[in-house]
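Morning, everyone. I have a few minutes on side-chain contacts. Please look at the screen.

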Amino acid sequence: MTLRRVNVVILVLLVVAFLIVIQRNLLNLNDFLKKETPDSVSGVILPFESDVSPSVRGRADSIRTGDEIPVVITASEERLGAVVAAINSIHQNTKANVVFTIVALNDTVDHLQEWLSRTRLNHVKYKITVFKPDVLNGKISKDPKRLETVKPLTFARFYLPFYLPEAEKAIYVDDDVIVQGDIKDLYETSLKPGHAAAFSDDCDSASTKGVVHGAGNQNYYMGFLDFKKEAVKKLGMRAKTCSFNPGVIVANLTEWRNQNISGQLERWMELNAQQDLYSNTLADSITTPPLLIVFYKHHSSIDPMWHVRHLGSTGAGQRYSAQFVKAAKLLHWNGHYKPWGVKSAYSDVWERWYIPDPTGKFSPLRKHSGE
């Protein structure tokens with residue numbers, strides 16, 4: 001065999017070996033992606049059972065312009081009046097083509113559909129997605145004290161891309177909000193390259209007025225995470241980093257999928273269930289800590305006037321002037337005192353957007369103080 005033929009044989013063998021290595025790497029990469037991409041979150045368990053309204057409902061006689069703006073909101077039976085008021089405030093204050101994805105549990109669907117169809121909200125475009133609480137199995141602490149505060153729908157925001165598989169961007173809002181501005185302006189919030197979400201920081205100029213007396217740590221990471229735990233220490237986060245409130249989220253769903261944000265959040269939920277990583281300072285905050293970890297110094301900011309919060313806290317009536325509340329683009333009654341309850345600041349603002357339940361099952365207590 002000539003030297004030239006030997007070289008050819010060696011070259012062929014090298015090419016074959018190279019192709020084998022490439023094939024194995026691709027197979028390993030494929031296995032990795034199956035584990036890491038959102039499609040594999042919770043194995044075969046998806047965060048929802050079905051879309052009750054597979055085609056978007058709503059009448060076409062309401063003039064709406066532009067591309068669709070997806071808005072996600074949750075609807076629990078005991079707070080159904082809240083979601084109705086929030087949807088009404090968003091719908092009435094914009095001409096944009098807003099489509100709501102309402103994430104609910106099975107026991108709420110019929111009531112919600114009747115409420116929407118028998119009132120002026122039959123103009124609204126929406127679909128209802130049934131959340132599947134099984135997705136949380138193994139991810140929630142079994143501490144009985146904590147289980148009492150667990151509401152499955154509070155975790156719905158972790159799975160935003162699943163509800164909107166074709167969308168590139170979306171807004172999530174809690175149900176205890178009223179929107180006074182044009183939601184299109186919030187949707188157009190600019191996110192930095194590589195950022196999957198924008199939040200309102202707790203140290204911004206508007207919400208620093210909302211610090212609850214005696215709980216100043218709620219503006220910092222130390223109020224949500226136990227920095228004595230080894231898993232938290234290893235992250236190298238500063239305890240006095242300003243936290244953010246996930247009651248309003250502008251999400252880049254493409255980045256959310258690419259970075260497998262849902263999977264990352266689930267892993268921290270599971271780790272907390274095993275090691276109890278959350279701070280006892282704000283024991284009720286079981287949704288915020290994993291978001292703080294995953295988005296540490298890797299999120300964009302929302303205009304503070306698009307998330308004026310703590311209206312459900314003690315003394316909110318003295319903290320915010322009527323003029324300031326009127327100027328706010330979005331009001332959030334986070335805290336113990338809800339505007340449909342016995343005692344709340346600025347409940348008259350909320351009631352302006354509330355639509356009575358045609359079934360009579362839900363009604364605000366309406367005995368509000370002028371706090």
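I will go through salt bridges, the disulfide, aromatic pairs and charges over rings.

Some ground rules. This is a predicted model, where local features need pLDDT of at least 70, side-chain atom pairs count only at pLDDT 80 or more, and totals for chains, interfaces and linings use all residues. Residues are numbered from 1 along each chain as its sequence is written, and side-chain values use heavy atoms, with hydrogens and water left out.

Salt bridges to begin. The term here is a side-chain nitrogen of Lys or Arg within 4 Å of a carboxyl oxygen of Asp or Glu. That rule gives 6 salt bridges.

Take Asp174 and Arg157. Their side chains form a salt bridge, N to O at 3.3 Å. Asp174 is in the loop between β5 (169-173) and β6 (177-179). Arg157 is in the loop between α4 (144-147) and α5 (160-163), 17 residues apart from Asp174. For those labels, helices (H or I, at least four residues) and strands (E, at least two) are DSSP runs, numbered from the N terminus. Asp174 and Arg157 are both buried. Buried means under 20% relative accessible area, exposed over 50%, and partly exposed in between, using a 1.4 Å probe and protein chains only.

Now Asp176. Its salt bridge partner is Lys338, with the closest N and O atoms 2.6 Å apart. Asp176 is in the loop between β5 and β6, and Lys338 in the loop between β10 (330-332) and α13 (347-351), so this pair ties together parts 162 residues apart in sequence. Asp176 is buried at 4% relative accessibility. Lys338 is buried too, at 14%.

Next, Asp202 and Arg309. Their closest N and O atoms are 3.0 Å apart, in a salt bridge. Asp202 is in the loop between β7 (197-201) and α7 (230-233), and Arg309 in the loop between β9 (300-301) and α11 (316-319), so parts 107 residues apart in sequence are tied together. Asp202 is buried, with a relative accessible area of 4%. Arg309 is buried at 0%.

On to sulfur. How many disulfides does a search of the whole structure find? The search finds 1. The cut-off is a pair of cysteine sulfur atoms within 2.5 Å. Cys203 is joined to Cys242, S to S 2.4 Å. The link is right-handed, with 120° about the S-S bond. Cys203 is in the loop between β7 and α7, while Cys242 is in the loop between α7 and β8 (244-252), 39 residues apart. Cys203 is partly exposed, at 34% relative accessibility.

Now the rings. Rings of Phe, Tyr and Trp (its six-membered ring) pair if their centres lie within 6.5 Å; planes under 30 degrees apart are stacked, over 60 edge-to-face, and the rest tilted. The whole structure has 13 aromatic pairs. In one, the centres of Phe131 and Tyr159 are 6.4 Å apart with planes at 45°, so the pair is tilted. Phe131 is in strand β4 (residues 125-131), and Tyr159 in the loop between α4 and α5, 28 residues apart. Phe131 and Tyr159 are buried. Tyr221 and Tyr296 are edge-to-face: 5.4 Å centre to centre, 70° between the planes. Both of these tyrosines are buried. One aromatic cluster holds Trp115, Trp340, Trp350, Tyr354 and Phe362.

Last, charges over rings. The test is NZ of Lys or CZ of Arg within 6 Å of the ring centre and within 35 degrees of the ring normal. The charged end of Lys169 sits over the ring of Tyr187, 5.2 Å from its centre. For Lys343, the ring is that of Tyr337, at 5.5 Å.
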